[in-house]
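Dear colleague,

Please find below the structure I promised to hand over to you. After it I have set out, step by step, what was found in it.

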Number of protein chains: 2
Amino acid sequence: MNKIVLAQIDTIAGDIENNALKIKECIEKAKYQKADLIIFPELVLMGYPFGDIIIRHKSIIERQLEALNDITESTKNITAVIGYAEPVKENGKKPFYNSAAIIQNGKIISNARKILLPNYSEFNDYRYFESSKELPVTFELNGEKFGVIICEDSFNHKSFFKNECIYDIDPIEEVMKQKPDTIINCSCSPSRCAKEYVKNSLFSYIAKEYSVNYIYVNKAGYADNLSFEGASRIYDKTGKLILRAKSFEEDYVVTSDLSGKINELPKGSDKKINLDNFELNYANDLDRTYKSIVFAIKQYFSKNGFSKAVLGLSGGLDSSVCAVLLADALGSSNVWGISMPSRITSNESKNDAKILAENLKLNFLEIPLSDLIDPMKTMLNNSFEKINTEKYEKTTTIENLQARTRATILWSISNEYKNMLPIATSDKSEAYIGYATVNGDMSGGFAPIADVTKTKLFALADFLNKNRKIKNVIPQSVLEKPPGAELKINPKTGKPVYAEEDNMPYEFLDEIIWLVENKNYGKNELLKHNFVYEQKNNINFELKTEWINKFYWKSKCAVYKWHILPPSVITDIHSINSIEYHQPVISFIYKVNK
Amino acid sequence: MNKIVLAQIDTIAGDIENNALKIKECIEKAKYQKADLIIFPELVLMGYPFGDIIIRHKSIIERQLEALNDITESTKNITAVIGYAEPVKENGKKPFYNSAAIIQNGKIISNARKILLPNYSEFNDYRYFESSKELPVTFELNGEKFGVIICEDSFNHKSFFKNECIYDIDPIEEVMKQKPDTIINCSCSPSRCAKEYVKNSLFSYIAKEYSVNYIYVNKAGYADNLSFEGASRIYDKTGKLILRAKSFEEDYVVTSDLSGKINELPKGSDKKINLDNFELNYANDLDRTYKSIVFAIKQYFSKNGFSKAVLGLSGGLDSSVCAVLLADALGSSNVWGISMPSRITSNESKNDAKILAENLKLNFLEIPLSDLIDPMKTMLNNSFEKINTEKYEKTTTIENLQARTRATILWSISNEYKNMLPIATSDKSEAYIGYATVNGDMSGGFAPIADVTKTKLFALADFLNKNRKIKNVIPQSVLEKPPGAELKINPKTGKPVYAEEDNMPYEFLDEIIWLVENKNYGKNELLKHNFVYEQKNNINFELKTEWINKFYWKSKCAVYKWHILPPSVITDIHSINSIEYHQPVISFIYKVNK
């Protein structure tokens, strides 16, 4: 049997020279280990995702081809499968193939070209690539026959996906006509909720159905709002998993008989996630969510030359969870937690912020807001006297002023100190209904939890408290008190207004989001739907209708905010991250009034 | 001959009920006028651009089909051509065809389905649509034969575009095989610099080559960063333009013999723009740029329920031009110009801001910054004493603080008053090198000049001074002084630092931008290139190299800012607007150091 290396490496879009160096080092190591074959992820030499830089900056392509030439010449006594953007020569075609060069004895013996070009969700293959009209490529090595396919080519398997197939061709069927012993799948497949179960079932199914070995090599890295988890693997001819590389970490795995260490996945992520109904039970996705975000923070910071973070600690859920994620990604000593209480901030919140910082051993600072807010208020009131046009009856001016002043402090600190980024702490439920302030809590260099809904965040906070080495870093009161930005006082209660008083219960909101994203429900279907929240609480149809209308009204006004969200990481099944979901600011879903 | 209506209307994505109402009103009017045929733009019933709402919100499609059914039933005694998203029934296909329903006597007699699906630049047709594999549709009306094609189907004409064709099929060739008397082209084609000349030449060429009448019906409206200019038109069989609807305005044109009024285009926009070399002469594109931005402002505001704008007036070029554009779009009385001088602001700038506001009859207010900045400075300095990590040698903290405080004031004012939006005044040259402050001058509800470079802005300001009804509203000194944000003092001169001291001459920078966007030049090509600026000024190769490196370094750091730019309007030949150009924050073009 051939000795094979799965080179689960991470490369950066356009950073050709470093990418090539990394690839060559792997090849040299593999040669030294007398490996017969080394396999890299999809588009490894170009670095993925690259967006339009491969179109607008043509020098990147020139440098990529030079680098490939250089790698090819030095690749002797080993076979290498290297993903790259292969220029198409004919007119009337897209500029590139999404190819894997198969290199032997200093020559490219063939190019395995991707057939299926996904152009949905976060994928834009069709924008750049021409679909291969040829059969998938095979090659022989010491009497073994390998068939090479690229990522999506495996995801239209007719007997597995049945009527969910979105392409005519099934490249698996095509490659199997040539009877390979082993299928190689070079991939760049981002981690998402509910994806691992499908992936594992599919690969195992194909291996078993055709009695073929199945090798999957995936990128492990973060870029452009996507966490690629790696977890490269091999299935034997019975469909059994016999090797798996690490998750959310680069890896280099050698095997002489295809089998090897089966590294653990994030806890529960191989389990089937219920896609039929909304459930408040997120248990099987919490460890994966945690790991994908921590990985994203690490990589976003280091790849952009940052090592420190500064965030506001309100004593609330969002900032508390963000603080834990940042501490775990960057180290506590690299995180500055700033408590910025206003006159409205409760003592409990102030206290919770402080305790969290102590528990996490963050750098902690308290900066009271009132000395900054007061002169601004005076100035604004003076100015408002001179502006003669219709005012809102209820304004959000002072609420927003607090959030914006906090963000100004965080940005000022990050401007003063080397390699420090301010953090946007707003979550997915808030983003949906625009319940975060522009230039306030939605502003930052990175937004760690922008794709995590509030109810899932509660579950995640509880998970972190129970499963981190140091237990219960997030004060229990943070998990128990109702969420609220503490930006205004409810005149009836004399206490800060809770978010759910302004909006609707988060359990209800999060189920709307889930149904819209996963079942594409419209307003009528939502009205008819029996919500989990309804099963536990008595609400009349009028209130339900009001909440659903409020969702459409508020999310219509929020679309502008979706367009200016900071870089983040997609982690849910679906998202409103603009990398995945496009909605023009000027657009209507339903006519609903405030 | 048939009596024909060109219904150059604007519809909003997903706003089916209103779109349908508008379409029906046009049909009723046309019937009343005894017209034989009425033609609407591409996708008029759905409203374009719609992004992913047609995928995620399937109720939109249901409502669209209901509305089409309703329109169809009431369309008797006239033929109507109505663009819509037609569901595809088979599996393994995209969900829709981009179709135009041809309706006669209460029935859809056929669907003209788009063949060529652009997926480059701002276009994403392939994401949603299946390409028609059938011949373009024709229909007969009173002995005349019409062939119907959709937008891009006209833009792959082989004898016109020759080796620039990007598709195999030429639908014009295909439709002409059926020998129609008249081609109908239903379009949604956004206005861009240099586009009109190509469009006009192409349509005229086709009409003449095949001796066919050519009717082009285009949307007039703004959405999702795109200004669609309308300018629907008819060419006769000799290729002569015989009718043209209005530009940047909805229109409804009736013709009995295909000819009619030839409305004027923006001045110069039909002239050929030099795409071979960068020129500082923007003359032929200034009126179009002006009109496309004013149209965009009008539509962005009204479609989102806003009618008033508030902007900072610095006495500089960017804010002055923005003020004129806003005044012309919204009316002077709906624009609030706020001068917010700091200690660094020169008296000249303060004065220029005031004079501009007077000339334009804006609402004007002066709010000095120092009372607001000082307590913030004190607080920050106190905090900085407590933060023990490495500082930058030169920081931008105080510069940015000024810009952010100004934006906070503008957002606060907009939060207080009904229907008012704050304006982001930064320009394209600044955006490229990140010379605008996050949460500062690059923040706002709309960014009117984000796709206009600085040298073009100077030309535009001069054009506005000379061509508006009221001349010279922008003080001459604004046009003459070197641009600068006046956020810091140059210790050598004792004066505020000019932007060109921080960066490079704008003439040089704008030529780099032009070469990168239009010729896809890389670093080596830029180094070899003979810049217009070089022809007039003596610079050595070292300085030139420094500027080019600075461009790559600064634009690398600016990519994050491109991702959070407010909604704007694309108006140049190419842009960095994320609707058109995708670049991941984590990506490399060249390794260059600060």
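**What was found**

S211(A) is placed in the loop between α7 (195–210) and β9 (213–218) of chain A, and its phi is near 50°, a positive value in a residue other than glycine. Most residues other than glycine have a negative phi, and most peptide bonds are trans. The helices (H or I, at least four residues) and strands (E, at least two) named in this email are DSSP runs, numbered from the N terminus.

Before going on, please keep in mind that this is a predicted model, in which local features need pLDDT of at least 70 and side-chain atom pairs count only at pLDDT 80 or more, while totals for chains, interfaces and linings use all residues. Residues are numbered from 1 along each chain as its sequence is written, chains are lettered from A and ligands numbered from 1 in the order in which they are written, and side-chain values use heavy atoms, with hydrogens and water left out.

In chain A, the bond from Y48(A) to P49(A) is cis, with omega near -5°, and P49(A) sits in the loop between β2 and α2 of chain A. In chain B, a cis peptide bond joins Y48(B) and P49(B), with omega about 0°, and P49(B) lies in the loop between β2 (37–39) and α2 (53–56) of that chain.

Next come the sheets. Strands of a sheet pair through backbone hydrogen bonds, either parallel or antiparallel; here two strands are taken to pair if DSSP finds at least two bridges between them. In chain A, six strands form an open sheet with mixed pairing, in the order β5-β4-β3-β2-β1-β14. Since β5 (107–113) and β14 (251–255) of chain A stand at the edges with a single partner strand each, one side of each is left without a neighbour in the sheet. Neighbouring strands of this sheet are turned by 25° against each other on average, direction ignored; axes are lines fitted to C-alpha atoms, for helices over the stretch in contact, and angles run from 0 to 180 degrees between N-to-C directions. Within the sheet, strand β1 (residues 4–8) of chain A pairs with β2(A) in the parallel sense over three bridges, and I4(A) has L37(A) as its bridge partner in β2(A). Helix α3 (residues 58–74) of chain A lies across β3 (79–87), β4 (96–104) and β5 of chain A, and runs at about 160° to β3(A); contact means heavy atoms within 4.5 Å.

Elsewhere in chain A, β12 (residues 233–235) and β13 (residues 241–244) pair in the antiparallel sense over three bridges, among them the one between I234(A) and L243(A). These strands, β12(A) and β13(A), form a hairpin with five residues between them, and G239(A) in the turn has a positive phi of about 90°.

In chain B, the axes of helix α8 (residues 283–303) and α14(B) come within 10 Å and cross at roughly 80°. The helices α8(B) and α14(B) are therefore roughly perpendicular to each other, where angles under 35 degrees count as roughly parallel, over 145 as roughly antiparallel, 65 to 115 as roughly perpendicular and the rest as oblique. The contact involves D285(B), L286(B), D287(B), T289(B) and Y290(B) in α8(B), which meet K456(B), A459(B), L460(B), F463(B) and L464(B) in α14(B).

Side chains of opposite charge can pair when their charged atoms come close. In one of them, R127(A) and D52(A) meet at 2.8 Å, N to O. This pair links distant parts of the chain, with R127(A) in helix α4 (residues 125–128) and D52(A) in the loop between β2 (37–39) and α2 (53–56) of chain A, 75 residues apart.

Methods. A salt bridge is a side-chain nitrogen of Lys or Arg within 4 Å of a carboxyl oxygen of Asp or Glu.
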